[in-house]
Amino acid sequence: MPDAGPKSEPIVEVAGLRKVFGEHVAVDDVSFTVEAGSSLAIVGESGSGKTTVARMLSGLERPTAGTIRVCGRDRSRPVRRAAERRRRARELQIVFQDPYTSLDPREEVGDGLLELLALHQSERPREWRQERLMEMAELVGLDERHLRSRPGELSGGQRQRITIARALVSEPRIVILDESLASLDVSLQAQILNLLGDIREETGITYILISHDLAVVLQLATETLVMKDGRIVESGRTVDVLHSPEHPYTKLLCDSVPRRGWKPERALQGAESN
Amino acid sequence: MSLLTVDDLDVAIGGTPILRSVSFALEPGEALGIVGESGSGKSMTARAIARLLPRGAVATGKITFDGTELLAAGTADMRRVRDGGISLVFQDPRAAINPVRSIGDFLAEGLRTNRKIGKAEARRRAVQVLEEVRISRAEARLAAYPHQLSGGLLQRVMIAAALLSEPRLILADEPTTALDVTTQAEIMAILEELRRERGLASIFITHDLELAAATCDRIAVMYAGELVEVQAAETLLERPHHPYTAALLAARPGMTERVPRLPAIPGRPLAAGDPIEGCRFAPRCPLVIDRCRSEHPALAPCEQSLSRCWRAADVKVPEAGAEQLDHA
């Protein structure tokens with residue numbers, strides 16, 4: 001990453017990351033660092049490898065080669081012990097795209113949050129956890145009525161707020177947002193983007209945003225990596241990458257964003273035929 | 001004469017209103033974008049026109065396509081409308097194609113059963129439409145199966161299939177939502193080219209106001225089951241005349257700069273079934289006055305727009321990155 005003022009400690013360090021599925025190289029020689037309190041966007045299209053990188057960071061996939069260090073500790077290998085897994089959960093959490101399938105439909109969302117609090121904050125008294133539950137609800141803009149609802153009774157935006165609250169229960173230092181805003185309507189997306197900004201201001205949390213939506217990336221991420229076919233093709237400060245892209249693929253991505261005066265033919269000029 | 005007129009269309013499921021008195025007309029060759037958020041009724045409008053309403057839905061009003069009254073049409077009339085009148089393109093091409101049949105079989109099927117066209121001729125036309133949607137090596141692709149094609153390529157096959165019946169209107173419901181942004185640009189470019197070359201009319205259903213404005217002649221904005229604004233795409237982005245349109249434009253982050261806070265729309269969207277006196281956007285509207293809470297406004301002309309708002313003339317132009325609208 002190019003320097004952004006005074007150097008702070010890298011909270012995520014990825015070097016030579018590679019993931020092979022059978023014959024297919026999904027991620028190839030990916031290296032980057034993320035400084036604490038900054039936000040990194042990984043952008044690219046389907047098949048670019050961006051989601052595989054996110055899954056390796058969160059331990060859902062094991063790298064074929066390369067190293068991942070989070071908060072100074074190696075995470076390239078899976079954990080066996082529950083205590084170590086919980087410790088990792090307190091460092092990094094992931095929020096997925098679909099708030100409809102990532103919640104238990106039979107459980108009141110408040111109960112689900114309390115369960116997580118009991119898991120991650122077991123040393124704290126019950127009253128503290130109850131109080132913390134209300135704080136978290138307030139942080140994501142929900143009230144007691146919402147907490148007593150089952151996921152099916154909530155709107156998409158409210159459900160996504162719940163999944164964000166769940167990710168924050170363990171007080172992680174890093175949250176990965178894997179297309180977490182993609183399925184939301186414009187008005188809800190604006191609410192969630194503001195909310196994520198507020199949380200960052202209050203907690204100094206680090207976001208890693210996996211997205212194909214460049215406007216959302218510009219709004220939330222200070223740094224951006226562009227991936228294509230498993231490799232990083234361009235990286236730098238988000239404003240530089242999006243406003244003066246150097247790689248032809250980044251240019252094509254930027255040109256494809258509909259905006260005032262945009263015509264689809266223009267983007268097509270550079271597109272491949274398949 | 002208009003190609004399609006929708007007149008006072010109401011749709012209800014189990015007595016709950018889904019669409020409320022939707023009226024608009026589409027001219028031959030015109031591209032209309034219907035824009036709205038989830039639950040606004042945009043897809044239901046498309047489904048009513050295609051006569052693909054969910055079970056239990058009751059539609060009243062009048063939909064006239066090329067002289068045929070669709071809501072009253074019998075099976076034979078509807079078959080005629082679907083074969084040479086209105087063709088459909090859906091959001092997820094993989095859900096709309098049989099995965100175990102080849103592209104060639106899929107394309108030839110309709111021609112051979114509906115039009116009794118011979119095998120060789122059906123194949124020739126299939127190649128022709130694949131070329132029309134700019135699929136290279138069209139002849140060879142006929143043998144391919146859906147899983148061998150990318151999402152964007154498959155959506156082009158679906159558009160090609162829609163062209164086979166030589167329709168006058170293409171009804172596309174979120175045709176690019178599941179696709180990558182570069183693929184979206186390709187698909188929209190192809191649809192635009194087809195409109196120009198074949199004089200096709202189109203209705204494009206989307207949640208993306210900027211995309212609709214860039215690719216359509218006219219935009220209809222829906223909120224809570226009704227049309228709230230209809231205006232030429234060219235002027236809509238600069239001069240919206242409904243506060244909801246203005247709020248949608250402002251809430252979307254831009255490509256120019258990061259803003260400290262996005263002007264989110266406060267509150268939650270109303271469902272079409274929620275009973276409310278007065279304007280349906282009033283509970284979330286920054287321009288609300290007493291009249292809005294008691295009297296339901298009609299869709300009425302205001303300058304170059306049709307707007308369902310008592311204060312249509314007072315709606316402000318959203319500036320890129322403006323924060324003044326922040327009332328969240």
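Which residues of H10(B) are buried? Select them in your viewer: Pro243(B), Tyr244(B), Thr245(B), Ala246(B), Ala247(B), Leu248(B), Leu249(B), Ala250(B) and Ala251(B). "Buried" means that 20 or more other C-beta atoms lie within 10 Å of a residue's own; with 12 or fewer the residue is exposed, and in between it is partly exposed, with C-beta atoms placed from the backbone.

Before moving on, some housekeeping. You're looking at a predicted model, where local features need pLDDT of at least 70 and side-chain atom pairs count only at pLDDT 80 or more, while totals for chains, interfaces and linings use all residues. Residues are numbered from 1 along each chain as its sequence is written, and chains are lettered from A and ligands numbered from 1 in the order in which they are written.

**Stop 1: around H10(B)**

Stay with helix H10 of chain B, residues 243-251, which is mostly covered, with nine of its nine residues buried. Helices (H or I, at least four residues) and strands (E, at least two) are DSSP runs, numbered from the N terminus. Now show what H10(B) packs against: its buried residues meet H7 of chain A, plus helix H8 (209-215), strand E9 (218-223), strand E10 (226-232) and helix H9 (233-236) of chain B.

**Stop 2: where the chains touch**

Colour the two chains separately. Here 34 residues of chain A are in contact with 33 residues of chain B; two residues are in contact if their C-beta atoms, placed from the backbone, lie within 7 Å. On the chain A side, helix H7 (186-203), helix H8 (214-220), helix H10 (248-255) and helix H11 (264-269) each supply at least two residues. H7(A) gives the largest share, six residues. By class, the chain A side has 17 nonpolar, eleven polar and six charged residues. Ala, Val, Leu, Ile, Met, Phe, Trp, Tyr, Cys and Pro count as nonpolar, Asp, Glu, Lys and Arg as charged, and the others, Gly among them, as polar.

**Stop 3: two helices that meet H6(B)**

Select helix H3 (residues 103-114) and H6 of chain B. Their axes come within 9 Å and cross at roughly 20°. (Axes are lines fitted to C-alpha atoms, for helices over the stretch in contact, and angles run from 0 to 180 degrees between N-to-C directions.) H3(B) and H6(B) are therefore roughly parallel: angles under 35 degrees get that label, over 145 is roughly antiparallel, 65 to 115 roughly perpendicular, and the rest oblique. Highlight Ile103(B), Phe106(B), Leu107(B), Gly110(B) and Leu111(B) on H3(B), and Val157(B), Ala160(B), Ala161(B) and Leu164(B) on H6(B), to see the contact. Eight of these residues are nonpolar, one is polar and none is charged.

H4(B) and H6(B), residues 151-164, pack at an angle of about 125°, with their axes 9 Å apart, which makes H4(B) oblique to H6(B). This time Arg125(B), Val129(B), Leu130(B) and Glu132(B) meet Ala160(B), Leu163(B) and Leu164(B).

**Stop 4: into the core**

Which residues touch the most other members of the largest nonpolar core? Pick Ile176(A), Ile208(A) and Leu171(B), out of 180 residues in that core. Such a core is a set of buried Ala, Val, Leu, Ile, Met, Phe, Trp, Tyr and Cys residues joined through C-beta atoms within 7 Å. H6(B) supplies the largest share, ten residues. Zoom in on Leu171(B): leaving aside neighbours within four places in sequence, Leu171(B) is in contact with Ala46(B), Ile49(B), Ala50(B), Ile86(B), Leu88(B) and Ile203(B).

**Stop 5: a few single residues**

Is Thr183(B) buried or exposed? Thr183(B), in helix H7 (residues 181-198) of chain B, is buried, with 24 other C-beta atoms within 10 Å. Beyond four places in sequence, Thr183(B) is in contact with Gly151(B) and Gly152(B).

Next, find Pro275(B) in the loop between H10 and helix H11 (290-294) of chain B. Pro275(B) is exposed, with 6 other C-beta atoms within 10 Å.

Asp29(A), in strand E2 (residues 24-35) of chain A, has a positive phi of about 55° although it is not a glycine. Arg134(B), in the loop between H4 and helix H5 (138-141) of chain B, has a positive phi near 60° and isn't glycine either.
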